[in-house]
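The points go from the overall form of one chain to its parts and then to its partner.

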Amino acid sequence: MKFSRLILGALLATAAGSALAASRDYIYAVGSSTVYPFTTTVAERFGKATEFPTPKVESTGTGGGMKLFCAGVGVQHPDIEDASRRIKKSELERCRKNGVKDIVEIKIGYDGIVMAHSRKAPHRWNLTRRQIFLALAKQIPDPENPGKLIANPYRTWRQIDPSLPDIAIKVYGPPPTSGTRDAFAELALEGGCKTFDWIKAIKHEDKKRYKAICHGIREDGAYVEAGENDNLIVQKLEADPNTLGIFGFSFLDQNVDKIAGARVDGVEPTFENIAASQYPLSRPLFIYVKKAHVGLVPGIAQFLDEYTSERAWGDEGYLTDKGLIPMPAAEREKYRKIARQLIPLESL
Amino acid sequence: MNKTLETVQAGLARRRRRESRFRWYGRIAIFVSLAFLAMLIVSIVARGHKAFWQTEIAIDVFLDPEELTPPTREHLAKADLTGLIKQSLRQMFPEVRQRRRKRALYRLVSSAAPYQLRDYVLAHPDRIGQTVRLWVLAGADVDLYQKGYVDPETPESERRIKDYQIAWLRKLESEGRLVLRFNRGFFLNGDSREPEQAGIQVAFRGSLYMMVVTFALSFPLGIAAAIYLEEFAPRNNVWVDLIEININNLAAVPSIVFGLLGLAVFIGWFGLPRSTPLVGGLTLTLMTLPTVIIASRAALKAVPPSIRYAALGIGASRVQTVFHHVLPLAMPGMLTGAIIGMARALGETAPLLMIGMVAFIVDPPQSLLDPATALPVQIYLWADSPERGFVERTSAAIIVLLLFLGIMNLAAVLLRKRLERRW
């Protein structure tokens with residue numbers, strides 16, 4: 001019958017697939033959607049300029065990527081992990097347990113997190129991290145009775161500080177699955193949270209409670225989860241000039257004609273300020289490389305050469321056009337050496 | 001008698017009014033849904049149609065023999081082609097001296113220009129030593145400006161394209177060196193980080209391969225299952241009922257669940273490579289199968305029993321009855337069901353996310369086992385990209401996806417027309 005022949009064909013293809021999976025001639029990277037634009041840019045140039053095939057880059061999120069990356073050694077597993085935060089201890093242990101012993105950690109640069117508003121907004125926003133915390137945290141210290149936590153009572157910015165405009169608090173931001181959200185919570189909210197001494201003191205006593213207070217974002221409508229699509233946030237800001245949006249610096253960079261970044265602690269989110277570590281909301285970005293795969297999959301060493309070259313991640317490299325904030329020259333030199341000599345990560 | 005007539009007469013106007021009201025509700029409902037559809041299509045076409053055109057710039061490049069010989073792929077990979085492009089731009093605008101301005105000048109052309117130069121040299125090695133006019137892709141910012149996406153009223157500091165760049169463009173335009181051409185790259189290239197170089201070739205092929213796999217598996221399997229369940233399976237059997245209920249439930253399971261299943265079975269168990277159209281097609285087959293079975297069973301049910309009795313009556317066996325008489329009559333309905341199921345599968349991203357097809361892939365897949373993406377995945381990836389140039393590409397990709405869907409549905413209609421038999 002025709003049907004049985006088709007099924008047989010499918011089974012044969014399956015068998016052939018298993019055989020083919022045993023070799024792979026292209027580099028395979030997974031991980032953060034924040035690092036994705038940078039790794040793909042390098043991958044594309046690498047594919048065009050060398051005889052190697054263009055690497056495949058999957059956008060899975062940092063956590064999801066770590067799971068795949070740490071699953072084991074072998075061509076069915078990824079070679080490179082893009083991360084918008086440092087690898088966690090638990091992830092490193094998982095990696096080691098699965099035989100991924102030597103991991104090379106390369107910092108590639110910085111990303112800024114901006115709170116932006118429409119160019120049409122009547123106010124020039126100038127926020128402190130404390131104000132951001134008071135506006136967006138789930139629980140804040142009671143102004144009447146400091147030392148006690150209450151559900152966030154603020155409806156307008158003016159209620160937080162008389163210098164702020166008298167408009168309702170409405171901020172569009174990424175959902176909990178996003179690395180940008182984690183970084184925002186860590187840098188902005190925790191940064192503001194720490195300004196309350198007694199909360200800061202809890203950190204050493206009760207880490208869990210500290211994190212719950214400082215990373216908890218309110219769920220009463222003032223913070224609107226806008227999905228992972230940052231372009232959508234840009235559109236929403238345009239439609240309502242009284243709102244703010246949270247996203248990565250590259251979106252601000254690409255949309256300067258429509259949106260402007262709020263100053264945080266008096267510093268404007270510009271390329272120069274983030275590069276000079278003046279702007280408080282910036283985070284490092286990493287790639288992790290499986291040393292065991294160098295030599296197993298062709299081109300990894302050359303790919304890292306391209307990634308860590310001055311024309312890629314240098315002060316005027318092509319990655320800066322994509323919104324990556326370069327590291328200072330000395331730091332670049334340090335990580336270039338690590339990449340060239342494939343010095344594995346000892347411990348965190 | 002008179003009384004009845006009176007009652008009828010009295011209620012008649014009301015009944016007629018009710019009927020005409022109902023007709024109007026129907027018309028309004030159709031009008032509203034058509035209006036939404038028209039809004040969707042108009043907004044997508046309005047945003048996307050310009051992506052089918054692409055700004056190109058003519059530059060005069062001196063094909064320096066020192067740099068370009070021998071004209072082999074290996075040698076040209078190392079040659080400083082970018083330098084040659086930059087040199088020709090500097091010659092066209094000798095007045096530009098400032099470092100910052102020079103960088104802006106180089107950005108007029110796309111970063112693909114050196115590769116276009118390479119391809120030109122490979123195709124015309126005899127021109128080395130001459131100065132040739134080469135049409136290269138314009139940079140994304142220039143392209144957006146030429147297409148009118150930049151409002152010249154906004155203050156210069158808030159624009160990605162500055163006044164002096166606009167002056168260069170005017171000069172190029174007056175020399176006939178700046179034109180909008182049909183964007184072939186959009187159909188021939190794979191994904192790219194640069195909007196002006198990005199294309200749907202990988203996604204299109206990925207979708208096509210997946211549809212072939214899905215059809216080749218789900219159609220025969222679905223029909224076989226439907227025929228058995230409808231024509232041969234014992235009635236009122238607990239097991240058959242159980243299977244039937246399960247198939248109906250499966251048809252309503254969210255597609256992401258099939259993605260997880262595909263990940264566990266095809267990648268985890270069988271060890272098939274991730275991100276490939278084969279795995280994608282198999283996963284979508286799982287998703288489509290229940291729909292095909294249900295539609296095929298409905299088609300079989302619609303064949304009147306008299307046909308079966310007549311066949312059995314003249315001595316046909318049950319298999320002969322089914323394959324000679326029932327199946328040909330049910331075929332159009334089955335095909336429609338299969339194609340509707342596949343049209344749904346064509347638009348899916350969620351299950352593909354789990355099996356690694358949401359990826360950056362530049363090289364077009366040569367077989368079912370090369371990594372690929374799919375059209376909806378490409379749309380999702382572009383919609384999420386920071387570069388402004390991807391906005392129109394996203395809409396253009398949606399137009400292509402809609403056309404793909406339209407062709408599939410048209411095929412369904414035509415096949416049904418051809419195969420339809422009346423009795």
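1. Secondary structure and overall form. Chain B contains 18 helices and four strands. Its radius of gyration is 30 Å, well over the 22 Å that the globule rule gives for 423 residues, so chain B is more spread out than a compact globule. The C-alpha trace of chain B spans about 100 × 65 × 35 Å along its principal axes. Please keep in mind that this is a predicted model.

2. Burial and contacts in chain B. Of its 423 residues, 40% count as buried. Among the contacts in chain B with a separation of 6 or more, 78% are between residues 24 or more positions apart.

3. Domains. Chain B is divided into three parts: domain 1 covers 2-49, domain 2 covers 52-189 and domain 3 covers 201-419. The centres of domain 2 and domain 3 of chain B, taken over C-alpha atoms, are separated by 45 Å. Eight residues from domain 2 of chain B and five residues from domain 3 of chain B make the contact. On the domain 2 side, α7 (140-146) and α9 (185-188) of chain B each supply at least two residues. That side of domain 2 has six nonpolar residues, one polar and one charged.

4. The sheet of chain B. In what order do the strands of the open sheet lie? The order is β2-β1-β3 in chain B, with three strands and antiparallel pairing. β2 (131-137) and β3 (178-182) of chain B are the edge strands, and each pairs on one side only. On average, neighbouring strands of this sheet are turned by 40° against each other, direction ignored.

5. Strand β1 of chain B, residues 53-62, runs antiparallel to β2(B) and is joined to it by seven bridges. F62(B) has T131(B) of β2(B) opposite. Helix α6 of chain B, residues 113-123, packs on the sheet and touches both β1 and β2 of chain B. The direction of α6 makes about 130° with that of β2(B).

6. An enclosed helix. Is helix α17 of chain B enclosed or open? Eight of the nine residues of α17 (residues 375-383) are buried, so this helix is largely enclosed by the rest of the structure. The cut-off behind this is 20 or more other C-beta atoms within 10 Å of a residue's own. The buried residues of α17(B) are L375(B), P376(B), V377(B), Q378(B), I379(B), Y380(B), L381(B) and W382(B). They pack against three helices of chain B, namely α10, α16 (350-354) and α18 (390-419).

7. The crossing of α10(B) and α17(B). The axes of these two helices come within 7 Å and cross at roughly 145°. From α10(B) the contact takes A203(B), F204(B) and S207(B), and from α17(B) it takes L375(B), V377(B) and Q378(B). By class, the residues of this contact are four nonpolar, two polar and no charged.

8. The interface between the chains. 33 residues of chain B are in contact with 38 residues of chain A. On the chain B side, α10 (201-232) and β4 (359-360) each supply at least two residues. Which element of chain B gives the most to this side? α10(B) does, with four residues. The side of chain B that touches chain A has 20 nonpolar, five polar and eight charged residues.

9. Strand β2 of chain A, residues 56-58, pairs with β4(B) in the antiparallel sense over two bridges. Within this region, E58(A) stands opposite A359(B) in β4(B).

10. One residue of chain A. L149(A) lies in strand β7 of chain A, residues 149-151. It counts as partly exposed because it has 17 C-beta neighbours inside 10 Å, whereas a buried residue needs 20 or more. Leaving aside neighbours within four places in sequence, L149(A) is in contact with Q139(A), I140(A), P141(A) and I213(A). L149(A) and K138(A) are eleven residues apart in sequence, and their C-alpha atoms are 9.8 Å apart in space.

Methods. Residues are numbered from 1 along each chain as its sequence is written. Chains are lettered from A and ligands numbered from 1 in the order in which they are written. This is a predicted model: local features need pLDDT of at least 70, side-chain atom pairs count only at pLDDT 80 or more; totals for chains, interfaces and linings use all residues. Domain bounds come from an automatic or database domain assignment. Two residues are in contact if their C-beta atoms, placed from the backbone, lie within 7 Å. Ala, Val, Leu, Ile, Met, Phe, Trp, Tyr, Cys and Pro count as nonpolar, Asp, Glu, Lys and Arg as charged, and the others, Gly among them, as polar. The radius of gyration is taken over C-alpha atoms; the globule rule is 2.2 Å times the number of residues to the power 0.38. A residue is buried if 20 or more other C-beta atoms lie within 10 Å of its own, exposed if 12 or fewer, and partly exposed in between; C-beta atoms are placed from the backbone. Two strands pair if DSSP finds at least two bridges between them. Axes are lines fitted to C-alpha atoms, for helices over the stretch in contact, and angles run from 0 to 180 degrees between N-to-C directions.
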